[in-house]
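This report concerns the pockets of one protein model and the residues that line them. The sequence and structure are shown first.

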Amino acid sequence: MSKCLTGKVAVVTGSGRGIGRQTVLKLAQMGAKVVVNVKKGIDEAMETVEMVRKLGGEGIVVQVDVSSEEGARHLINEAVKQLGSVDILVNNAGLGIAAPIEQVDEKLWDKQLNVNLRSSFFTSKYAAEVMKQRGWGRIVNVTSVAGLIGMKHLVPYSAAKAGLIGLTRALAAELSEYGITVNAVAAGLVKTKMGLSLVEYIGRQRGAGESPEDMMSRWEKAHTLIGRLPTEEEVASLICYLASPDAGAVTGQVFVIDSGWTFAESRNYMV
């Protein structure tokens, strides 16, 4: 793999496992020094850093809640203090809790908006200050197809992820003159802990009595064009392309990686 990010420092929020972990590993393979961030799950974070080191890379863990402004500022400050810069920011921290709208109270609404949207604004704000000084930067926001189409029983999550798309485009417009690109990756259902919990929720609503694995297999065959879900590694590869020097002419865009889920009905129009 090309070491095109040698000398760069990459911060990935919510990177103890799943897509975040895979993104950290790929960025490290591309030569970047990496910052692994978690709110909880410190053991997973340390495991991720150990995996980075086994690849010959350099990484640190910063345990902090980025859904607060102070937490976001602390994350960026620690990256600069310990590794010298912030050149790449991947806003991957996310939280989706499925519930019908009548069960969504102020606390549940705020929790999902803060993790999925507020965190990305404040980490971007403080990272951009550093990137401006260097005249180069990459911000990649991990949104969701829920932000494009909206999803039943995921109203706060869908609203937050749609807001993240707006944030991406506004930041791209404001930061372009400083050599900073801002893009978003809209992932479909992926076999992460969050993805499996959503499938389990669907199963409970249906009363199907299937195992999560069987439900997942049936769902991906029924609702994707290619008969399988995107992998964590595939989503991470797209994120890392957007973080690379090769993507210098790409900004303000939303890239969908969902195995064709959002337009799978296109194959049925003649049925």
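In this predicted model, the second largest pocket is lined by 16 residues. Those nearest its centre are Met151, Lys152, Leu198, Ile202 and Trp219. The volume of the second largest pocket is about 460 Å³. Two elements, helix 7 and helix 8 (212-223), each provide at least two of its lining residues. Helix 7 makes the greatest contribution to this lining, with five residues. Sorted by class, the lining of the second largest pocket comprises ten nonpolar, three polar and three charged residues.

The largest pocket has a volume of about 1,400 Å³, and its lining consists of 49 residues. Nearest the centre of the largest pocket lie Arg17, Gly94, Leu95, Gly96 and Met194. Two or more lining residues come from each of helix 1 (18-29), helix 4 (106-134), helix 6 (155-175) and helix 7 (193-206), and likewise from strand 2 (33-38) and strand 5 (137-144). Helix 7 supplies the largest share of this lining, namely seven residues. The lining of the largest pocket contains 21 nonpolar, 19 polar and nine charged residues.

| Pocket | Volume | Lining residues by class |
|---|---|---|
| Largest pocket | about 1,400 Å³ | 21 nonpolar, 19 polar, nine charged residues |
| Second largest pocket | about 460 Å³ | ten nonpolar, three polar, three charged residues |

Technical notes:
Residues are numbered from 1 along each chain as its sequence is written. This is a predicted model: local features need pLDDT of at least 70, side-chain atom pairs count only at pLDDT 80 or more; totals for chains, interfaces and linings use all residues. Side-chain values use heavy atoms; hydrogens and water are left out. On a 1 Å grid over the protein atoms alone, a cavity is a set of points where a 1.4 Å probe fits but cannot get out, and a pocket is an open set with protein on both sides within 12 Å along at least five of seven lines; lining residues have an atom within 4 Å of a point. Grid points are joined across faces, edges and corners, and a volume is the space filled by probe spheres set on the points. Helices (H or I, at least four residues) and strands (E, at least two) are DSSP runs, numbered from the N terminus. Ala, Val, Leu, Ile, Met, Phe, Trp, Tyr, Cys and Pro count as nonpolar, Asp, Glu, Lys and Arg as charged, and the others, Gly among them, as polar.
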